[in-house]
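Hi,

Here is the structure I promised to send over. Have a look at it first, and then read on for what turned up.

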Amino acid sequence: MIVTLIIICEVGFWLLLAAGLALRYWAKMPRASIAVLLCEPILEVVLFVVTAIDLKNGAEPDWKHGLAAVYIGYSIALGHYTIKWVDVRVAHRFAGGPPPVKLYGTARAIDEWKIAARWVLAGLIAMALLQGAVWYVDGDGDIGSLRMWQQKMLWLIGINVIIAATYTVFPKKAPPVVAPRRGAGNCATSHEAPADKEPTRSA
């Protein structure tokens, strides 16, 4: 049941996102778009409540409950970022919006640290929910799968910190600017008479 609900929440997330963007850019209904996008957090609340009820009813804690905690952590920490990321690209592709900004050097490193911070937050939220489940079980069941997910969250945090550090130590360089070839702009006027001389008249 939990796995099915996670799939429903994930599909629902993207369906709500697609509906919200369609209302904004095609139907020209920005208020309705905001209302639809604000429904996104409801999915996480439903998943959290159902997971808690499942544990309370005596379900053995396993990888499904751990996955639910990870999904909730991601949605809280990166859900808004994901919506904004998709919004910029849809606006550029279908609504004449500006292209996504490409960052290099220090600006790119700062952006990578911001993304890493979101992943760290997602991991900490998931770990906190998992720890809550461990305390809830209180030795009455196998908590090995929950501890395993906590370890995976530590790996997730470490990997994202390493990626951000890599962009700091080895900053991504902007591509070289190709200068226009000399004389390329004069091709159209190369056969015109000089402005300070009259054209030669035939007899």
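One cut-off before anything else: a residue counts as buried under 20% relative accessible area, as exposed over 50%, and as partly exposed in between. Keep in mind, too, that this is a predicted model.

You'll find methionine 29 in the loop between helix 1 and helix 2. Leaving out residues up to four places away in sequence, methionine 29 touches Leu23 and Arg24.

How do helix 1 and helix 2 run relative to each other? The axes of helix 1 (residues 2-25) and helix 2 (residues 30-37) cross at roughly 170° and come within 7 Å. Angles over 145 degrees count as roughly antiparallel, and the two helices are therefore roughly antiparallel to each other. On the helix 1 side, the contact is made by Leu16, Leu17, Ala19, Gly20, Leu21, Leu23 and Arg24, which meet Pro30, Ala32, Ser33, Val36 and Leu37 of helix 2. Sorted by class, that contact has 9 nonpolar residues, 2 polar and 1 charged.

Arg24 also turns up in the next topic, salt bridges. The structure holds 2 of them.

In one, aspartate 87 pairs with arginine 24, and their closest N and O atoms are 2.7 Å apart. This pair links distant parts of the chain, with aspartate 87 in helix 4 (residues 63-94) and arginine 24 in helix 1, 63 residues apart. Are the two partners buried or partly exposed? Aspartate 87 has 15% relative accessibility, so it counts as buried. Arginine 24, at 26% relative accessible area, is partly exposed.

The other salt bridge joins arginine 108 to glutamate 112, with 2.9 Å between the closest N and O atoms. Both residues sit in helix 5 (residues 105-137), 4 residues apart, which is about one turn of the helix. Arginine 108 is buried at 17% relative accessible area, and glutamate 112 also counts as buried, with 11% relative accessibility.

Now for the nonpolar side chains. In soluble globular proteins, these tend to be buried together. Which residues touch the most other members of the largest nonpolar core? They are Cys9, Phe13, Leu17, Leu21 and Leu47, out of 19 residues in that core. Helix 1, helix 3 (40-56) and helix 4 are the elements that give two or more residues to this core. Helix 1 gives the most, with 8 residues. Apart from this core lies another one of 12 residues, including Val70, Ala126, Ala133 and Met153.

Leucine 47 deserves a click in the viewer. Not counting residues up to four places away in sequence, leucine 47 touches Leu5, Ile6, Cys9, Ala68, Tyr71 and Ile72.

Then there is threonine 51, which has its place in helix 3. At 9% relative accessibility, threonine 51 counts as buried. Again setting aside residues up to four places away in sequence, threonine 51 touches Ile2, His65 and Ala68. Ala68 is therefore a contact of both leucine 47 and threonine 51, a residue that counts as buried at 9%.

Over to you, and happy browsing!

How values were computed:
Residues are numbered from 1 along each chain as its sequence is written. This is a predicted model: local features need pLDDT of at least 70, side-chain atom pairs count only at pLDDT 80 or more; totals for chains, interfaces and linings use all residues. Side-chain values use heavy atoms; hydrogens and water are left out. Axes are lines fitted to C-alpha atoms, for helices over the stretch in contact, and angles run from 0 to 180 degrees between N-to-C directions. Angles under 35 degrees count as roughly parallel, over 145 as roughly antiparallel, 65 to 115 as roughly perpendicular and the rest as oblique. Contact means heavy atoms within 4.5 Å. Ala, Val, Leu, Ile, Met, Phe, Trp, Tyr, Cys and Pro count as nonpolar, Asp, Glu, Lys and Arg as charged, and the others, Gly among them, as polar. A salt bridge is a side-chain nitrogen of Lys or Arg within 4 Å of a carboxyl oxygen of Asp or Glu. Buried means under 20% relative accessible area, exposed over 50%, partly exposed in between (1.4 Å probe, protein chains only). A nonpolar core is a set of buried Ala, Val, Leu, Ile, Met, Phe, Trp, Tyr and Cys residues joined through side-chain atoms within 4.5 Å.
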